Amino acid sequence: MTELRIKGRPGWTSRLPPSLAAFVTNPKGMAGVTILLAMILFSIFAPMFSEYNPHRRAGKPHVMPGYEHVLGTTRMGKDVFTQVAYGGRISLAVGFGAGIAAAVIGLGIGIAAGYFGGKIDDILTFFVNVVLVLPGLPLIIVIASLVDSAGPLVIGIVLALTGWGWPARTIRTQTLSLRTREFVLSAELMGEKKWRIIFKEIFPNMLSFFMGGLVLGTISAILAEAALSFIGLGDPNAVTWGTMLYWAQNNMALQVGAWWEIWPPAIAIMLTGAALVLVNFAVDEITNPQLKASRKIGRIKRFLKRRGRSADVF
């Protein structure tokens, strides 16, 4: 076991459900969760980390990072550290709100279309195809031009309503293959109710696809909010990571060498995206038997090579 680098579960994880225990012992998953929790708690408890108001002047313009202002100040004298903390509230809320909504809608419609089939499948597939041809960003740009600026709530709603198409199509395809499997047919022959079959037999096999849609939807929503705010289509009075980049561009931060006005929100966006991707990798490894098998086979091959034995059997 030691030579194969296979670690036994710590004692406390034996009391957890198998899937949760596997996630807790997965380095990628725990690294992603740790980063996400740090970002969320940092934003929620922003007043505990900074005494300044993100909307008001806190010092002289373009002060470099130092003891008084950890990440410096903007051209308007606003504290960058404070804005990153408070800006995470809206950016993360838009990202997770739109990502979760799109993933849940896609999951429900995809499973319903794939499991029930017939006219229900035809109707739901029609709506999926309509949503797939609706571009989210251009639609937000049109709305922003009509209402002067699109606030974070409008951006989140539009991204949620236009982002569930691909998850729904993927989950529908998988459900079509699952509904003819032996365990589903056995449950139907035993007289199980359809809702119970969906939640107990089909949904657990969709967890990796659901998480994939959730992660991609959340990342897309955060980037979309940042991009729209950066080009001036968002609400300039709201403090988000995107509006921070927008004001940094307008204030010519790069031209005057005020790098601290750009890098903090950019790094915050990158860290959030990387954390979500790590969580997705972990869930995929846990729920996908082929990935788990390939990892174990790779360890066995390396073990046999160190022993000078052939690994051609794999």
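Of the 314 residues of the protein, 42% count as buried, where buried stands for under 20% relative accessible area, exposed for over 50%, and partly exposed for anything in between (1.4 Å probe, protein chains only). The model is a predicted one, so to speak of local features takes a pLDDT of at least 70 and side-chain atom pairs count only at pLDDT 80 or more, while totals for chains, interfaces and linings use all residues. Numbering starts from 1 along each chain as its sequence is written, and side-chain values rest on heavy atoms, with hydrogens and water left out.

Among contacts with a separation of 6 or more, 67% are between residues 24 or more positions apart, a contact being heavy atoms within 4.5 Å.

The UniProt record, an unreviewed entry, puts the feature "transmembrane region" at residues 29-49, 90-116, 123-147, 153-171, 202-224 and 262-283. Its positions are given in the numbering used here, with feature names shortened, and such annotations may be inferred rather than shown by experiment. In the model, residues 29-49 are 95% helix and 0% strand, with end C-alpha atoms 27 Å apart. For residues 90-116 the figures are 100% helix and 0% strand, and the end C-alpha atoms sit 38 Å from each other.

The largest nonpolar core has 47 residues, and Ile 111, Ile 202, Met 206, Met 211 and Trp 241 have the most contacts inside it. Such a core is a set of buried Ala, Val, Leu, Ile, Met, Phe, Trp, Tyr and Cys residues joined through side-chain atoms within 4.5 Å. Two or more residues each come from α2, α4, α8, α9 (182-189), α10 (194-202), α11 (207-230), α12 (241-250) and α13 (263-287), and α4 gives the most, with eleven. A second, separate core has eleven residues, among them Val 158, Ala 160, Leu 228 and Leu 233.

Trp 241, leaving aside neighbours within four places in sequence, touches Met 39, Val 84, Gly 87, Gly 88, Ser 91, Leu 92, Pro 265, Ala 268, Ile 269 and Thr 272. Leu 92 sits in helix α4 (residues 80-116) and is buried, at 6% relative accessible area. Leu 92 and Thr 218 are 126 residues apart in sequence, yet their C-alpha atoms are 8.5 Å apart in space. Thr 175, in helix α8 (residues 165-178), is buried with a relative accessible area of 0%. Beyond neighbours within four places in sequence, Thr 175 meets Gly 110, Ile 111, Gly 114, Tyr 115, Ile 202 and Met 206.

As for charge pairing, the structure holds one salt bridge, meaning a side-chain nitrogen of Lys or Arg within 4 Å of a carboxyl oxygen of Asp or Glu. Asp 121 pairs with Arg 172, and the closest N and O atoms are 2.8 Å apart. The pair links distant parts of the chain, with Asp 121 in helix α5 (residues 118-132) and Arg 172 in helix α8, 51 residues apart. Asp 121 is buried at 10% relative accessible area, whereas Arg 172 is partly exposed at 23%.

On the outside, Leu 37, Leu 41, Ile 44, Phe 45, Met 48 and Phe 49 make up a nonpolar patch with about 630 Å² of accessible area together. Patches are made of residues with over 30% relative accessible area and no salt bridge, like charges being joined within 9 Å and nonpolar side chains (Val, Leu, Ile, Met, Phe, Trp, Tyr) within 5 Å. Helices α2 (27-44) and α3 (46-49) each give two or more residues to the patch, and α2 gives the most, with three. Met 48, in α3, is exposed at 67% relative accessible area.Two loop residues other than glycine have positive phi: His 62, near 50°, lies between α3 and α4, and Met 252, at about 55°, lies between α12 and α13.

Terms used. Areas by Shrake-Rupley, 256 points an atom, 1.4 Å probe, with all protein chains shown as cover. Helix = DSSP H or I, 4+ residues; strand = E, 2+ residues; numbered from the N terminus.
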